[in-house]
Amino acid sequence: MSRIGKKPVAIPSGVTATIDNGTLTVKGPKGTLSMGLVDEVVYKLEGDEISVQPANDSRRSRDFWGMQRTLVSNLVEGVTEGYTKVLEISGVGYRAQAQGKKLKLQLGFSHDVDLDVPEGIEVKTPDQTTVEISGIDKQSVGQFAAEIRRWRKPEPYKGKGIKYRGEYIFRKEGKKK
């Protein structure tokens, strides 16, 4: 049995959830999110909780159980608190600047990297070496952060590049003379 799947997802006050035509829609103070429901799992809206149970005793149904409960929990958390990823840029001359719906990165290339910020995501640059990405959809926030990081991953010798806040970069020893 799934330990995660057994727990119901609590719906805080100010948040409404509805299940219609195979879609779960959650509305909260930060916005609205929806998710398509799978047939292998049964979703029940009971008062101020959403419970997720496997539809039958098949292996596939049990596999989906915990994951679907976590996705429902992510929807509720997204519309109440939202998600934030913070990237730190280190390297001589490396910097970032948010300009409306664009993010301009200078990463040691012969050209600047201009990225369009996706809909529903907000990007802030409190200083030139920090990028804060926030939004209500956990998947899209994480995906955009990964796309930014892809331009210059941290290298193991000097640690230059773009890393997540709190990420540890294993540093290698240089050549010995």
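This is a predicted model: local features need pLDDT of at least 70, side-chain atom pairs count only at pLDDT 80 or more; totals for chains, interfaces and linings use all residues.

Started with the bend: helix H2 kinks by about 30 degrees at Trp65.

Next I checked the length of H2. The helix covers residues 59–80, 22 residues in total, and at 1.5 Å a residue it should span 32 Å. I get 33 Å between its end C-alpha atoms, so the two agree.

Then I asked which residues of H2 are buried. The list has Ser61, Phe64, Trp65, Gly66, Gln68, Arg69, Val72, Asn74, Leu75, Val76, Gly78 and Val79. Trp65, where the bend sits, is therefore in the buried set, given the cut-off of under 20% relative accessible area. Just past the end of H2, I found Gly82 with a positive phi of about 85 degrees.

Looked up the domain record. UniProt, in an unreviewed entry, lists "Large ribosomal subunit protein uL6 alpha-beta" for residues 11–82 and 91–164. For residues 11–82 I have 31% helix and 40% strand, with the end C-alpha atoms 15 Å apart. For residues 91–164 I have 18% helix and 42% strand, and the end C-alpha atoms there are 15 Å apart.

Last stop, Ser51. I found this residue in strand S6, residues 49–54. Is Ser51 buried or exposed? Its relative accessibility is 11%, and buried means under 20%, so Ser51 counts as buried. Skipping neighbours within four places in sequence, I see Ser51 in contact with Pro8, Val42, Tyr43, Lys44 and Glu46.

Key: Residues are numbered from 1 along each chain as its sequence is written. Side-chain values use heavy atoms; hydrogens and water are left out. Helices (H or I, at least four residues) and strands (E, at least two) are DSSP runs, numbered from the N terminus. The expected span of a helix is 1.5 Å times one less than its number of residues. The bend at a residue is the angle between axes fitted to the seven residues ending there and the seven starting there. Buried means under 20% relative accessible area, exposed over 50%, partly exposed in between (1.4 Å probe, protein chains only). UniProt positions are given in the numbering used here, feature names are shortened, and annotations may be inferred rather than shown by experiment. Contact means heavy atoms within 4.5 Å.
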